[in-house]
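Here is a short briefing for a first look at this structure. Keep the sequence and the model in view as you read.

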Amino acid sequence: MFFFSFRFSFRLAYIFSYNLFQFCGHTWILANTIARFLTFGKDALADTFYSVGFVMSLCQLLSILELFHIADGIEKARLLPRFVQVMEKNLLLIMVIMLEEIQSKPVVCAQFFLWNILDLLRYPHELLCVLDTPSIAMLWTRYTLWIPLYILSAATEGVTIYQALPYVKPAAANSSSLNSTVSTHVHLPLMLMLSLPILALGASVTVWQLLKERQHHLDKWNKKMKRK
């Protein structure tokens, strides 16, 4: 009995600490981005990645743990939409890190801004759920405003990939002229082009799953209120 209680308390403390860390990390990123924009204006857009890129990369890398949280039952959520969200963010972030030319593009600043807004809609709700003090306002915001913002974020991801294509093609041409063997660099532009319809398909499936999840949670809340 003591072991079960200790294990339950440890899991509770862990998931609370994880959500609190993510909330603080994304709050810092958003506050830093807004403060720099208010101070330097449009010039701040080019330096967004250099100022917050490390913290953003750390938060997104740690978000992979959420897949294990859902699989282990620590967090109650649908695995497929979370898997799509986590992987598309991390893969896009890896592409931005690899291509220095794209890091100063305004679209990267817009992408980081949307990612942080989405996460700041989610993690406070998760913290309240861990504390067993859910709020209908946070619940509605999490599962209603989140969907159109996610669609906008997915569209911005597509724009980011499209703007990265011109910087990938020269590298592919140089690599093919130096070596007749099929290289990974040669396939990179094609892979990016193929990722656009895959991104659209993944976003569509995710939105469909999120709508079902929203209906489930709102119905569950309504039933809970009626019992009271």
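How much space lies in the largest pocket? About 910 Å³. The model is predicted. The chain has 228 residues, and buried residues make up 40% of them. Its secondary structure comes to eight helices and zero strands.

**Overall fold**

- Read along the sequence, the pattern is α-α-α-α-α-α-α-α.

**The largest pocket**

- The lining of this pocket is built from 25 residues.
- Lys-76, Cys-129, Val-130, His-217 and Lys-220 are the lining residues that lie nearest the centre of the pocket.
- Four helices each supply at least two lining residues: α1 (2-40), α6 (106-130), α7 (136-178) and α8 (184-227).
- Helix α8 gives the largest share of the lining, with six residues.
- By class, eleven of the lining residues are nonpolar, five are polar and nine are charged.

**Cavities**

- The structure holds three cavities of 30 Å³ or more.
- About 90 Å³ of space lies in the largest cavity.
- Helices α4 (79-98) and α6 are the elements that give two or more residues to the lining of the largest cavity.
- Helix α4 gives the most, with four residues.
- The lining of the largest cavity includes Glu-66, Arg-82, Lys-89, Asp-119 and Arg-122. Tyr-123 and Trp-146 are also among the lining residues.
- Charged residues number five in the lining of the largest cavity, beside three nonpolar and three polar ones.

**Salt bridges**

- The structure holds seven salt bridges.
- Glu-66 pairs with Arg-82 in a salt bridge, with the closest N and O atoms 3.0 Å apart. Glu-66 lies in helix α3 and Arg-82 in helix α4, so this pair ties together parts that are 16 residues apart in sequence.
- Both Glu-66 and Arg-82 are buried.
- Arg-82 also forms a salt bridge with Glu-75, where the closest N and O atoms are 3.0 Å apart.
- Why does Arg-82 count as buried? Its relative accessibility is 3%, and buried means under 20%. Glu-75 counts as buried at 9% relative accessibility.
- Arg-122 and Asp-119 meet through their side chains in a salt bridge of 3.4 Å, N to O. They are three residues apart in helix α6, so about one helical turn separates them.
- Arg-122 counts as buried at 4% relative accessibility, and Asp-119 counts as buried at 2%.
- Salt bridges that share partners join Glu-66, Glu-75, Arg-82, Lys-89, Asp-119 and Arg-122 into one network.

**Nonpolar surface patch**

- Which residues make the nonpolar surface patch of about 580 Å²? They are Phe-10, Tyr-14, Leu-61, Ile-64, Leu-65 and Phe-68.
- Helices α1 and α3 (65-72) each supply at least two residues of the patch.
- Leu-65 sits in helix α3. Leu-65 is partly exposed, with a relative accessible area of 32%.

- Where does Pro-134 lie? Pro-134 is in the loop between α6 and α7.
- Pro-134 is partly exposed, with a relative accessible area of 30%.
- Pro-134 and Trp-221 are 87 residues apart in sequence. In space, their C-alpha atoms are 9.6 Å apart.

Conventions:
Residues numbered from 1 in each chain as written. Predicted model: local features only at pLDDT ≥ 70, side-chain atom pairs only at ≥ 80, totals over all residues. Heavy atoms only, no water. 1 Å grid on protein atoms, 1.4 Å probe; cavity = no way out; pocket = protein on both sides within 12 Å on 5 of 7 lines; lining within 4 Å. Points joined across faces, edges and corners; volume = space filled by probe spheres on them. Nonpolar A, V, L, I, M, F, W, Y, C, P; charged D, E, K, R; others polar. Patch = residues over 30% accessible without salt bridge, like charges linked within 9 Å, V, L, I, M, F, W, Y side chains within 5 Å. Areas by Shrake-Rupley, 256 points an atom, 1.4 Å probe, with all protein chains shown as cover. Salt bridge = Lys/Arg side-chain N within 4 Å of Asp/Glu carboxyl O. Buried < 20%, exposed > 50% of the residue type's maximum accessible area, 1.4 Å probe, protein only.
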